[in-house]
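Me: I've got a model open and I'd like to talk through its rings, its cavities and its overall build. Can you take my questions one at a time?

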Amino acid sequence: MRTVLIPLTAVVVLLAGCSEDSGPILTGTATVEAGKADTVRTEIRMNAGELQLEGGASRLLDATFRYSQNAGRPVVHYDVMGGRGLLTVESPENGSTRGRNATNEWTLRMGSDLPLDLSVHLGAGESRLDVSQLALRSAEVNMGAGNMTFNMANRYTQDVNVQINGGVGEAHIRLPKETGAVVDATGGIGSVQADGLTKRGDGKYYNAAYADDKPAVHMKVRGGVGDIILE
């Protein structure tokens, strides 16, 4: 087993009008090489803030962070065991995003080559998760309070299982067009809007490319308080 603790390069940026409660604004970066991993599981746990996830990185992870001093530096950790990598990016235990002008912004760019299992746990804030360039095998997203976009408009050669649990806010989900997709979606306090999908007798939503004998995205969406928009 190889364990790597990833240091962040941090720079203090003093901004005019910065809240005393939140402290000065810091910026940091982190990079992770995949090493000998054949597959990777990535777990992201963010207490509150703005998260942007996308593909296209030359390494397993190229990350930039902008955060208030009181929010604390995100913790990045990577292990490889038996060809399987485990990457975690999470808020520090003692971090706080309360107070005026509190800032916590993460931009995570991931490599597109290795098969990926993704788990995301969000607190309050906005999130933009674009996995359309990633070799996604499975994903679980737990929303907090805030709006989320989840883009998986890719072409997949094997089944992909996705679970999205709604919080308080709108979930906007973009599905593939050339790969089959079936969505079992139920709203909490809100509605389910499905653009370009057909609802069948089993209550699920299907895109035009879906066929029983072909790879497909199998998605479950459980709404909280807010609308679910599928397209």
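Me: How many aromatic pairs are there by the ring-centre rule?
Reply: Keep in mind that this is a predicted model. Rings pair up here if their centres lie within 6.5 Å. By this rule the count comes to two aromatic pairs.

Me: What is the geometry of the pair formed by phenylalanine 65 and tryptophan 106?
Reply: The centres of phenylalanine 65 and tryptophan 106 sit 5.8 Å apart, with 90° between the planes. Planes over 60 degrees apart get their own label, so this pair is edge-to-face.

Me: Is tyrosine 206 buried or exposed, and what about tyrosine 210?
Reply: Buried means under 20% relative accessible area. Tyrosine 206 comes in at 8% and tyrosine 210 at 16%, so tyrosine 206 is buried and tyrosine 210 is also buried.

Me: Which residue lies over the face of tyrosine 206?
Reply: Here we look for a charge sitting over the ring. One lies 3.9 Å from the ring centre of tyrosine 206, and the residue is arginine 200.

Me: Switching to cavities, which strand gives the most to the lining of the largest cavity?
Reply: There are three cavities of 30 Å³ or more, and the largest has a volume of about 40 Å³. Two elements give two or more residues to its lining, strand 4 (39-48) and strand 10 (116-124). The top contributor, with three residues, is strand 10.

Me: How many charged residues are in that lining?
Reply: The lining includes Met46, Leu122, Glu126 and Ser127. By class there are four nonpolar and four polar residues, and the charged count is one.

Me: Last one: what radius of gyration does the chain have?
Reply: The chain has zero helices and 21 strands, and 45% of its 231 residues count as buried. A compact globule with 231 residues would have a radius near 17 Å, and the chain agrees with that, at 19 Å.

Key:
Residues numbered from 1 in each chain as written. Predicted model: local features only at pLDDT ≥ 70, side-chain atom pairs only at ≥ 80, totals over all residues. Heavy atoms only, no water. 1 Å grid on protein atoms, 1.4 Å probe; cavity = no way out; pocket = protein on both sides within 12 Å on 5 of 7 lines; lining within 4 Å. Points joined across faces, edges and corners; volume = space filled by probe spheres on them. Helix = DSSP H or I, 4+ residues; strand = E, 2+ residues; numbered from the N terminus. Nonpolar A, V, L, I, M, F, W, Y, C, P; charged D, E, K, R; others polar. Phe/Tyr/Trp six-rings, centres within 6.5 Å; stacked < 30°, edge-to-face > 60°. Buried < 20%, exposed > 50% of the residue type's maximum accessible area, 1.4 Å probe, protein only. Lys NZ or Arg CZ within 6 Å of the ring centre and 35° of its normal. Rg over C-alpha atoms; globule rule 2.2 N^0.38 Å.
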